[in-house]
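Thanks, I'll keep this short. Please have the sequence and the model open while I talk.

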Amino acid sequence: MSKSTKDAPPPLPEPLRVPVADSHTHLDMQGSTVTEALAKAASVGVTTVVQVGCDVNGSRWAAETAAAHEAVHATVALHPNEAPRIVLGDPDGWSRQGAREAGGDAALDAALAEIDALAALPHVRGVGETGLDHFRTGPDGMAAQQRSFRAHIEIAKRHGKALVIHDREAHDDVLRILREEGAPDTVVFHCYSGDAEMAKVCAEAGYFMSFAGNVTFKNAQPLRDALAVAPPELVLVETDAPFLTPAPYRGRPNAPYLIPVTLRAMAEVKGMTEDALASAVAANTARAFAY
């Protein structure tokens with residue numbers, strides 16, 4: 001694939017007959033305006049998106065964008081990798097905010113207070129993405145992550161909002177903390193990454209499982225096995241755009257208009273018609289985010 005092809009947005013898929021929502025996207029990281037992204041998505045039957053916050057600035061932006069666009073709902077949070085950066089500093093500045101000084105627990109408390117205030121807004125439908133990420137965090141950062149995660153659980157419960165979970169290589173710890181704290185009424189595992197056994201645990205607890213484009217990847221059989229056993233009434237679809245573009249476009253920029261590609265692959269795995277899965281997913285997303 002030439003560089004120009006690799007950077008080119010994939011073509012528009014065949015429109016869905018039953019409109020659905022992208023349950024998790026990052027419009028602020030995509031190469032188009034919000035209006036363009038929403039129009040392109042709506043043209044293929046993706047009529048609603050959930051814009052997800054990952055830090056204080058991004059969460060403010062999500063709340064403002066949801067207030068300005070009827071098709072957008074917001075979630076607000078400090079991403080699991082954001083908490084250690086706030087507490088311990090980030091001298092290399094690999095996040096979007098550049099290099100940062102260590103702020104300690106007081107800085108984390110201040111950031112959490114901002115998220116708490118945003119979570120009270122009516123067009124903010126969820127608290128997330130929060131959770132644990134053992135992929136990028138050493139032992140020193142884990143304490144900050146866990147403290148942040150527990151605080152987000154409390155915020156979600158107090159405001160009666162969905163909790164949107166980022167769980168990377170941390171399944172057991174995420175499930176344990178949810179048990180210890182007592183989970184909110186609505187929990188969404190974004191970009192579900194567990195196996196079929198974990199899907200049964202989530203189903204038992206009534207947790208939503210949101211599947212992203214990586215369910216289409218060749219090496220993702222454990223994800224497809226999990227999707228196969230996940231109850232249709234607990235399944236959501238997402239892009240996590242601009243990341244995790246579904247096959248055959250892996251590596252190219254992702255956006256909400258590519259949801260039909262993933263949904264069709266999911267319908268095949270579930271042995272459901274495209275319309276039946278789309279109807280279920282649309283109802284589930286509205287239920288999860290109370291819109």
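This is a predicted model: local features need pLDDT of at least 70, side-chain atom pairs count only at pLDDT 80 or more; totals for chains, interfaces and linings use all residues.

The annotations come from an unreviewed UniProt entry.

In that entry, one "binding site" annotation takes in His24, His26, Glu129 and Asp240. These residues span 217 positions in sequence, but no two of their C-alpha atoms are more than 11.0 Å apart, so they gather at one spot.

Take His26. It sits in the loop that runs between strand 1, residues 20-25, and helix 2, residues 34-42. Is His26 buried or exposed? Its relative accessibility is 2%, and the cut-off for buried is under 20%, so His26 counts as buried. What does His26 touch, once neighbours within four places in sequence are set aside? The list is Gln51, Val52, Cys54, Glu129, Asp240, Ala241, Pro242 and Phe243.

Next, Glu129. This residue is in strand 4, which covers residues 124-133. Glu129 is buried too, at 3% relative accessibility. Its side chain and that of His26 are joined by a polar contact of 3.2 Å.

Now the other annotation. UniProt, again in an unreviewed entry, places a "binding site" feature at His166 and His190. The pair spans 25 residues in sequence, and their C-alpha atoms are not more than 5.9 Å apart, so they gather at one spot.

His166 belongs to strand 5, residues 162-168. With a relative accessible area of 12%, His166 is buried. Leaving out residues up to four places away in sequence, His166 touches His79, Pro80, Glu129, Thr130, Gly131, Leu132, Asp133 and His190. There is also a polar contact of 3.4 Å between the side chains of His166 and His79.

Where is His190? It lies in the loop between strand 6, residues 187-189, and helix 8, residues 196-205. His190 counts as buried, at 5% relative accessibility.

Notes
Residues are numbered from 1 along each chain as its sequence is written. Side-chain values use heavy atoms; hydrogens and water are left out. UniProt positions are given in the numbering used here, feature names are shortened, and annotations may be inferred rather than shown by experiment. Helices (H or I, at least four residues) and strands (E, at least two) are DSSP runs, numbered from the N terminus. Buried means under 20% relative accessible area, exposed over 50%, partly exposed in between (1.4 Å probe, protein chains only). Contact means heavy atoms within 4.5 Å. A polar contact is a pair of N or O atoms within 3.5 Å; within protein, one must be able to donate a hydrogen and the other to accept it, and residues adjacent in sequence count only if both atoms are side-chain atoms.
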